[in-house]
Amino acid sequence: MIRRLNNRLSRFQTPVEPAFRRGSFKAGRFIPIFCLLVLFCSCGIDDYIYLYPVQESDISVRLVEEATVKLPSAQTSEGPYFTHFAIYYRIYISDLLTDSVTPNMMQTVNTTLSNDYNAIYPSTSNNSSSTSVNTNVGSLFSTRRYYELALDGINIESLLDGASQGQLLSINFPPNEANIVSPSLSMGGGTAYNLRRSNGSNTFNPQPNLNFINTSELNRPENAIPTVNADVVDKPNISGPRHAYVSFYIVKIGRDTNTLSTIYSAPTFIGVLRLPNDS
């Protein structure tokens, strides 16, 4: 009788699941959820890579002779990405002799100068509202035939690297044409390095040389072609003296540590200076 009662009770008992199996079951349910959370949180990380541009308010231009740029201080968020500042330039020939060049005057100086300025303006720090990684600035300048400025005797990237942040950069174009001094760049009042034009990584042959001096070879119309002075823009129908002006932009350059691609800040317009004549 007792055995029969025990058999009946056993029908109503619920088997007890081992503790390790219960834990494994619950963990298994949460593993997919955890993976989805990680994936969701990791999406869009690259969107937060941002190089803060040089502020236009930190740039000062004196006539067509000097431009000073207060380079921004180091930003903690840029630490893994920022490598150096770069300056882009293009030279414009004109029959106008003026002591200053404002955006309103560009059309008179050289039509292409005005066209380039208007084309680049939407992407500049003065107008751009983008706060995401920028990889298009290099192509923006190359399509407008802007080239990276170089220096005599030093790699400009090593001068404008992380140590230059917070310093005052000065670009000087001497007005005294009777005793020509080459235009130069200095950092924090230190050594002045002569400016050098680009040769487009050997894609063109600058004439007469790499100096920022207005010579007959530099401003000659037939030399303003992609294979010779690709960084020079002619102005048609000049019958008198031919002057030369140069437009500058500055940009931060960095490296995306995930994709290893080059990234840029929004460019900032520095100004327009006049090349000294060779005679």
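How many helices and strands are there in the protein chain? Seven helices and twelve strands. Both are DSSP runs numbered from the N terminus: helices are H or I with at least four residues, strands are E with at least two.

Some ground rules. This is a predicted model, where local features need pLDDT of at least 70 and side-chain atom pairs count only at pLDDT 80 or more, while totals for chains, interfaces and linings use all residues. Residues are numbered from 1 along each chain as its sequence is written, and side-chain values use heavy atoms, with hydrogens and water left out.

The chain has 279 residues, and 42% of them count as buried. Buried means under 20% relative accessible area, with a 1.4 Å probe and protein chains only. Now contacts, meaning heavy atoms within 4.5 Å. Take those between residues at least 6 apart in sequence: 71% join residues at least 24 apart.

Next, the inside. A nonpolar core is a set of buried Ala, Val, Leu, Ile, Met, Phe, Trp, Tyr and Cys residues joined through side-chain atoms within 4.5 Å. The largest one has 42 residues. Ile87, Ile171 and Phe248 have the most contacts inside it. Several elements supply at least two residues each, among them strand 6 (168-172), strand 10 (243-255) and strand 12 (268-274). Strand 3 gives the most, with six. There is also a second, separate core of 22 residues, which includes Leu113, Tyr146, Val233 and Val272.

Look at Ile87. Beyond four places in sequence, Ile87 touches residues including Tyr147, Leu160, Leu169, Ile171 and Phe248.

Leu169 sits in strand 6. Is Leu169 buried or exposed? Buried, because its relative accessible area is 0%. Met187 is 18 residues away along the chain, yet the two C-alpha atoms are separated by 4.7 Å.

Last, the cavities. A cavity is a set of points on a 1 Å grid, over the protein atoms alone, where a 1.4 Å probe fits but cannot get out. The whole structure has two of 30 Å³ or more. Volume here is the space filled by probe spheres set on the points, which are joined across faces, edges and corners.

The second largest cavity holds about 30 Å³. What lines it? His84, Phe85, Ala86, Ile87, Glu148, Leu149, Ile156 and Glu157, where a lining residue has an atom within 4 Å of a point. Strand 3 gives the most to this lining, with four residues.

Terms used. Buried means under 20% relative accessible area, exposed over 50%, partly exposed in between (1.4 Å probe, protein chains only). On a 1 Å grid over the protein atoms alone, a cavity is a set of points where a 1.4 Å probe fits but cannot get out, and a pocket is an open set with protein on both sides within 12 Å along at least five of seven lines; lining residues have an atom within 4 Å of a point.
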